[in-house]
Amino acid sequence: MLPLRAFLASLAAAALLVVSTAASAVALRSVAWAPTAVGAEAAADAQWHSFDLPLRWTASPDDPLKGLALRLRLAIDAPPTQAWAVLLPHASTGGRISVNGRMVGEVRSADAATEVRWRRPHLLAIDPALLAAGENTILIQTAYRGGLHLLDRVEVGPLAEVGRAYERQFFASSVLPWIGGTLAACFALIFGLLWLRRHDATIALVALASVFWVLRSAFFLIETVPLGAAIGLDALFYVANGGFAAVMTLVLLRLAGRTGKREAWLAGLYAALGPVLLLATAGHAVPYLDLFWLPSLIGMVAVSLFYALLSRVRKHESLQIVVVTAMAIAVAAAAYDFCLMQGWLPEAGMLALHWAGPLLLVALATPVVDRFVGVLRVAEGARSDLESRVREREQMLKRNYERLREGERMQATAAERQRIMQDMHDGLGTQLVSSLMLVERGALNQAQVAQVLRESIDDMRLAIDALAQGNSDLLAALGNLRYRMEPRFRAAGIELIWDARGMPEELNINPDAVLPILRIVQESLTNALKHSEARAVSVSLQVTQTGDETPVLTIRVTDNGKGIVGERVGGRGLLNMRSRAGKIGGALTLESVPGTGTRVKFVYKLAEYHTGLTRTQTQLGLNTEAIIERFREGAS
Amino acid sequence: MSSDKTTVLIVEDEPEFRLRFKQIVESEPTLELVGVAANKREAQELIDHTRFDVMLIDLGLPDGNGTDLIRQVSAKRPDVDIMVVTVFGDEQHVVSAIEAGATGYILKDSTAADVVSCIRLLRAGGSPVSPVVARSVLRAIRNRMGGSAAGRTGGPMPENNPLSARETEILQLLAKGMSFNEIGEILGISPHTVTAHIKKIYRKLAVHSRGEAVYEATQMGLLRS
């Protein structure tokens, strides 16, 4: 809505300006006209012709430079006491100005090399002593060539009063075109650059209209021109007007939904007609072009405007109020200017297109700006949308990750449970069932039952030791085994030597391997206790590592007993130990020398699980940031 | 109450075990049974009115936890040895009992000889310890120190460790399954000294834990310091 408000405000300001320029001063309404030699005074016998002001006269482009005297009469009651001035609001040919035969100033007029087309006002101070009560004469000696010339009403009066009028007129005829031209130049630059980046028809049309307006403003601001260039300047005016009108027609046709190339060509060709005819006739066509071609341009735009409005109303589309209003104002202003230039209006006035044109440019730029802002807004919306989607994905990733971890935890728990069940089934369960059968058969005496139960409890303790060490610390579990076996060895009179000096403070191994290792050691100790008849049993625990190789756990159970006798080497207990060692990837060797003793050696590689644990932990430390970053990159 | 006999008080709620411990004590000439309690109330009565050297106590009593009694006796009668009756796989309770003031513990299914030798060990100024209990004690101490990295890796203990370097070393060797004799040999001390160290460690743990309890109570406004 901002562009519309700015537009209306500037409209009001411009209207105010027009009203204020209509202020009147003491005006001379008639002039006497006599031809002279160039640069000379009127001959004494010259024929003076009287006309009402404003005075308009034309000459053929072929005509040579001609001299002219213009005489105005000023009647005052008494000579003024303060400074007076004569104001020439629009004396297109300039000239030397005298009051009562005394020159008061000179405005450059056409000479052998130069053409002048003054559009700005001129203010000349008069010495009050020059003026006398009664009739005073103001004489303008000027010169002219081909074209249309104008002497608007001349105002005479106190300097302060006519000075104000002068300033208003100067603003309207000189400053305003400067402003409009500068604005158009800026627009031409901005939209031209924009068009270079983005070949959009609307942007191109605004840029083109701005360029044509710069040319048109230049025509109004160039007031003195070398003789040969005069026709070029006229051509510039026609090019600017024709081009601007053609662009406006195309803008309106686009509003009506017609974007064909044919219309563009036709409008362009018609716009070129004026300058081409001017140059072709060496300026002779100017009156006809001014009279017919220029208004036809206005007509073309007006018809297009009407057509566009009709078409949009029929299609129930928005009326593009800003553009359409500015266009209508510009058409009205152009029509007014045309009438003014043709002298069809009773009062001389200021050219309206000087403000209506730039206003139209601003109006044309607003849809482009609106669209640009809209696109920005959409882009921002898309960005925030993308960001929220990324955040959503982030949350999802985190949830998935949590779920994954939860799953892993549950899996670990399930595996643990499976292991416990398997252990109970294989160990305690089997032992209890077979013991029960023996007891039921009555095959065991009380001591044997106690023995069987004690073994069951031993096995259960083993399992509990293996499980209770939550962090699967093998060392403490083995230590506990020894601690429990110790009294039995003592009772049997066998020395149990335990050497764990070669072990680290804690030894975490794969939980699946803890119980089998405990069973192997227990079995070895039990065998030695029951069968070896040894005096001493020694257990040595050692973890060794050579270089970067996997650390190896070695457990040796050695006794100095009678050794294993023949058939017992392949006994069930030993087979069990072997199979347990094999299941966890360990190796069990048994050496037995009859009469000397038995040596059980168990070797187990550690590092796989030891380092495996830390690796699992680093894998769990999933880098979500990196994943999100990758996702962002992929999305943009 | 002859001076050469060790007087024993039994607090055990399960009749089977109560009877068994009673028999063990009664059949050992050097021991004298001065009372048997089946619950906390009875135990309190006996504690208040009887003199004894050793208290065998089960933690899980029908009318409450035995830890209170341990704390009470250890505070009032520092010369009494308190022996916790426990089941295997229950090391955490053993450690809390030690923190309350117990200096020994015995498994419920121990042989008569085990029970008697454990009581003797206690009266001789030592304490029993299994590798798992040794490890649990080490852990309890580490946790109190905030589980510092040095403690975790088993390296030298930080300064606020209540245990001396020798005590820590003994615990570590015990945790590996080494016996008192073997440790004595390695360290060049008698096995008896090793068990005496254990008792000292237990007492430190109890004092330390009491200090902590007092500190916490003060913090909570329960005590005026």
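**A hairpin, a helix pair and a chain contact**

A:Leu590 has A:Val600 in β19(A) as its bridge partner. The model that shows this pairing is predicted. The two strands involved are β18 (residues 587–593) and β19 (residues 597–605) of chain A, which pair in the antiparallel sense over 7 bridges. Between β18(A) and β19(A) lie 3 residues, and the two strands form a hairpin. In its turn, A:Gly595 has a positive phi of about 90 degrees.

Next come two helices of chain A. Two packed helices are described by the angle between their axes and the distance between the axes. For helix α6 (residues 286–314) and helix α7 (residues 321–342) of chain A, the angle is about 155 degrees and the axes are 10 Å apart. Angles over 145 degrees count as roughly antiparallel, so α6(A) is roughly antiparallel to α7(A). The crossing of α6(A) and α7(A) is left-handed. On the α6(A) side, the residues in contact include A:Leu294, A:Ile298 and A:Leu305; on the α7(A) side, A:Met327, A:Val331 and A:Phe338 are among them. By class, the contact of α6(A) with α7(A) has 14 nonpolar residues, with no polar and no charged ones.

The last topic is the contact between the chains. Chain A gives 19 residues to this contact, and chain B gives 17 residues. On the side of chain B that touches chain A, the elements that give two or more residues are α6 (131–144) and α8 (165–175) of chain B. The largest share, 3 residues, comes from α6(B). By class, this side of chain B has 5 nonpolar, 7 polar and 5 charged residues.

Definitions and conventions. Residues numbered from 1 in each chain as written. Chains lettered and ligands numbered in written order. Predicted model: local features only at pLDDT ≥ 70, side-chain atom pairs only at ≥ 80, totals over all residues. Contact = placed C-beta atoms within 7 Å. Helix = DSSP H or I, 4+ residues; strand = E, 2+ residues; numbered from the N terminus. Nonpolar A, V, L, I, M, F, W, Y, C, P; charged D, E, K, R; others polar. Axes fitted to C-alpha atoms, helices over the stretch in contact; angles between N-to-C directions. Parallel < 35°, antiparallel > 145°, perpendicular 65-115°, else oblique. Left-handed = near helix turned anticlockwise from the far one by under 90°. Pairing = 2+ DSSP bridges.
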